[in-house]
Amino acid sequence: MDVEVDHYDALGLPSGEEGSRLSEQEINKAYRSKARELHPDKRPDDPNANANFQKLQTSYSVLKDETARKLFDDLLRVKREKIYRRGQQDSKRRKMMSDLEERERTAFVVDPSTEARQEEARIACQLKEEIARIKKMSAGVTTFEQDKPAREKKEGGDSGDSGASGLDKEKVLKVSWEKIGEDYTAQRLREIFEEFGDVEDVVIKSSKKKGSGLVVMASKDDAVAATGNVLGNLSNPLTVLPLQPASSPVVFTAEINELDRPELSNLVGAEAFENSVLEKMKRAAERQK
């Protein structure tokens, strides 16, 4: 059982109080030396090589983890104190202690030896849980790294329109403006569109000549209300279009010259950018839940 192993001794280090004072560098040095000695590649004829090397790694993980090492040091301390007490008791003292313990039990006083056993069991249980946690964490990292190629392949295959399927596109507005005069920040866009309702998110993409972004309104009605208005600074007004037109036609009251109307595909950049932004919004919403 892991709690019965002397993890200092497993690394060839002194145990007890001397072991508790060892630095992290001394532990790391001892582990590297012991790992070279017990590595399975250097023991091809030893059927227990892998098991012994795994035990060495477990002992190193315990001593490297601050919480686990403290629990292990406490466990060793309790065991040393128990051995010391036993060594100090002769037959007469044991009889006196027995009588005293009997009186204490009669008076509902906690038996010191029982309390020591309970403390030893509690610390041993905590140490066992810490070792299991370390093993589980190490196994999780290994599994994550092993599954990384398949996960990347799946994420690559799922890219595209399917990434934004969880977001209602009728609530999303495409906003663009020329990079002249006053520029627009995400906070500024939020303030402008909050006049028409709650704004869930704002994402900006800018180039040297043109700025653009996506504004996610709280409802479709708010998005429709914001679409038919001339917004922003009059010297550099915003062009606002729906990412996906609503089922009912929308009458645009703003007078925009057809020659000055930007192409839909150029408002926010390539379609891949829109999909990636929508996917980020979807993930952010799920995290908030």
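How many helices and strands does the protein have? In this predicted model, where local features need pLDDT of at least 70, side-chain atom pairs count only at pLDDT 80 or more, and totals for chains, interfaces and linings use all residues, there are ten helices and five strands. Helices (H or I, at least four residues) and strands (E, at least two) are DSSP runs numbered from the N terminus. Residues are numbered from 1 along each chain as its sequence is written, and side-chain values use heavy atoms, with hydrogens and water left out. Of the 289 residues, 33% count as buried (under 20% relative accessible area, with exposed being over 50% and partly exposed in between; 1.4 Å probe, protein chains only).

H3 packs with H4 at an angle of about 175°, their axes 10 Å apart (lines fitted to C-alpha atoms over the stretch in contact, with angles from 0 to 180 degrees between N-to-C directions). The two helices are therefore roughly antiparallel, a term for angles over 145 degrees. Their contact (heavy atoms within 4.5 Å) includes Tyr-31 and Lys-34 of H3 and Phe-53 and Tyr-60 of H4. By class, this contact has nine nonpolar, two polar and one charged residues; Ala, Val, Leu, Ile, Met, Phe, Trp, Tyr, Cys and Pro count as nonpolar, Asp, Glu, Lys and Arg as charged, and the others, Gly among them, as polar.

How values were computed
Angles under 35 degrees count as roughly parallel, over 145 as roughly antiparallel, 65 to 115 as roughly perpendicular and the rest as oblique.
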